[in-house]
Amino acid sequence: MTRPRVVIAGLGDSGVLTAIRLAKYADVVGISVKPALVSGQELGLRLSRPRDWARDYWLPFDRFPRLDAVRTVHGAVNGVDLEARAVTVSCADGVTRDEPYDALIIATGVSNGFWRRPTTQSAGDVAAELSAAHDRLAAAGSVIVVGGGAAAVSSAANIARAWPDKRVDLYFPGQRPLREHHPRVWSTVGRRLADAGVGLHAEHRALVPAGFGCDRITDEPVRFSTGQDPASADAVLWAIGKVRPNTDWLPAEVLDDGGFVRVLPDLRVPGHPDVFAIGDVAATDPLRSSARNRADGLLAHNVRAALTGRPLRHYRPPTRRWGSVLGVQPEGLEVFAPSGWAFRFPAWSIERVLLPWIVRRGIYRGVRSNDPLKTATIES
């Protein structure tokens, strides 16, 4: 019997996890602008400790045993024919090719600052980008972080802890950051930032310079629409959540007004029963939460069910964001539930339990040992 062909457009966190779950049941083709899983998670750790970040969030595809059967294509999807059921890919080697599918999964994510862009890169490009941002911040005597989401809060905290002698200030538009989390989360995280010496500046709504896409670290003064005097620092990190869905290759009929992919509760695209979407690009709910709630398992079930005529399940999003905010710290890891209460992994458990058993074996179904040549190219 011929196995169905599933094309996954995008091999970020959601795409890789879905591919791992489907590889046993279908011929899976994964298309990625990076030659590895280069996660968009943990910006603060990526900037302050790039070697540690790369160990856990930059993983070549050949490190995943469950991806051995998946054919990966290094390139960018630039078009789709929904009637003919094929996507067009501009490969990193300059060749353009069509990839036919029986089921298509859209997992191309969003662009957000310089750390999440849909540009085709080599491993060397990724390493150079990591080191450049780290070195830029390391050389600065003072840093401003603009934004009120988890990326901004994590960046401010991790930068302050990595370089205690720097002046680090966080400017955010509301009375508190992390508005999409339970208020208890900021009560806890705010104390962590204060302990690290981060200056907190509430109700400062920054004016984004015209034509500036938040795609670089700047040093120009930050101006505010809320009437305060401009603020200056040697380095300004813009983490304002100005996300743009990577959907230029899709027809407008499948997108909402913001450019995100419209989906039904079963993650199928309306009117196209063989097309699914997951992750930050999928308009599942106001938080677009399927990227952070392990919807890959449900999606893999639904793809198989759709191909075999069985009932599909519905995705039920949470009402608040949850998870880690600051990432792994020397004293351990705090993971916040939707209720705002934290579960703490002590420092000793990170390398002995969390990473080897829960993450690498439990979530990824196995990860091969690290590549020393890769991490050697990243400044510590």
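Biologist: Where does A196 lie?

Modeller: This is a predicted model, in which local features need pLDDT of at least 70 and side-chain atom pairs count only at pLDDT 80 or more, while totals for chains, interfaces and linings use all residues. Residues are numbered from 1 along each chain as its sequence is written, and side-chain values use heavy atoms, with hydrogens and water left out. Helices (H or I, at least four residues) and strands (E, at least two) are DSSP runs, numbered from the N terminus. On that basis A196 is placed in the loop between α6 and β12 (199-201).

Biologist: Which residues does A196 touch, if those up to four places away in sequence are not counted?

Modeller: Contact means heavy atoms within 4.5 Å. With those neighbours left out, A196 touches A160 and R161. G174, by comparison of positions, is 22 residues from A196 in sequence and 21 Å from A196 in space, C-alpha to C-alpha.

Biologist: Why does A196 count as partly exposed?

Modeller: A residue is buried under 20% relative accessible area, exposed over 50%, and partly exposed in between (1.4 Å probe, protein chains only). A196 counts as partly exposed because its relative accessible area is 24%.

Biologist: Let us turn to the strands. What is the order of the open sheet of three strands?

Modeller: Strands of a sheet pair through backbone hydrogen bonds, either parallel or antiparallel. Two strands are taken to pair if DSSP finds at least two bridges between them. Here the open sheet has the order β19-β20-β21, and its pairing is antiparallel. β19 (323-324) and β21 (342-346) are the edge strands, each pairing on one side only.

Biologist: How many bridges join β19 to β20, and over how many do β20 and β21 pair?

Modeller: Two bridges join β19 to β20, and G323 stands opposite F336 in β20. Strand β20 (residues 332-336) pairs with β21 over five bridges, again in the antiparallel sense. In β21, A342 is the bridge partner of F336, and R344 is that of E334. The hairpin of β20 and β21 has five residues between the strands, and G340 takes a positive phi near 95 degrees there.

Biologist: Which helices lie across β20 and β21?

Modeller: Axes are lines fitted to C-alpha atoms, for helices over the stretch in contact, and angles between N-to-C directions run from 0 to 180 degrees. Helix α6 (residues 183-195) lies across the two strands at about 155 degrees to β20. α8 also lies across them, running at about 100 degrees to β21. Strand β20 is largely enclosed by the rest of the structure, because four of its five residues are buried.

Biologist: Is helix α1 mostly covered or mostly open?

Modeller: Helix α1 (residues 13-22) is mostly covered, with nine of its ten residues buried. Among the buried residues are D13, V16 and L22. The buried residues of α1 pack against several elements, including β1 (5-9), β2 (27-32), α7 (296-308) and α8.

Biologist: How many salt bridges are there by the rule?

Modeller: Side chains of opposite charge can pair when their charged atoms come close. A salt bridge is a side-chain nitrogen of Lys or Arg within 4 Å of a carboxyl oxygen of Asp or Glu. By this rule the count comes to 22. One of them joins R21 to D296, with the closest N and O atoms 2.8 Å apart. R21 lies in helix α1 and D296 in helix α7, so this pair ties together parts that are 275 residues apart in sequence. At 29% relative accessibility R21 counts as partly exposed, whereas D296, at 3%, counts as buried.

Biologist: With which residue does R368 form a salt bridge?

Modeller: R368 pairs with D68, the closest N and O atoms being 2.6 Å apart. This pair links distant parts of the chain, 300 residues apart: R368 is in the loop between α8 and α9 (372-375), and D68 in the loop between β4 (58-60) and β5 (71-81).

Biologist: Which nonpolar residues make the surface patch of about 420 Å²?

Modeller: Patches are made of residues with over 30% relative accessible area and no salt bridge; like charges are joined within 9 Å and nonpolar side chains (Val, Leu, Ile, Met, Phe, Trp, Tyr) within 5 Å. Accessible areas come from the Shrake-Rupley method with a 1.4 Å probe, and for residues only the protein chains shown count as cover. The patch is made by W348, V353, W357 and I358. V353 lies in helix α8 (residues 347-363) and, at 31% relative accessibility, counts as partly exposed.
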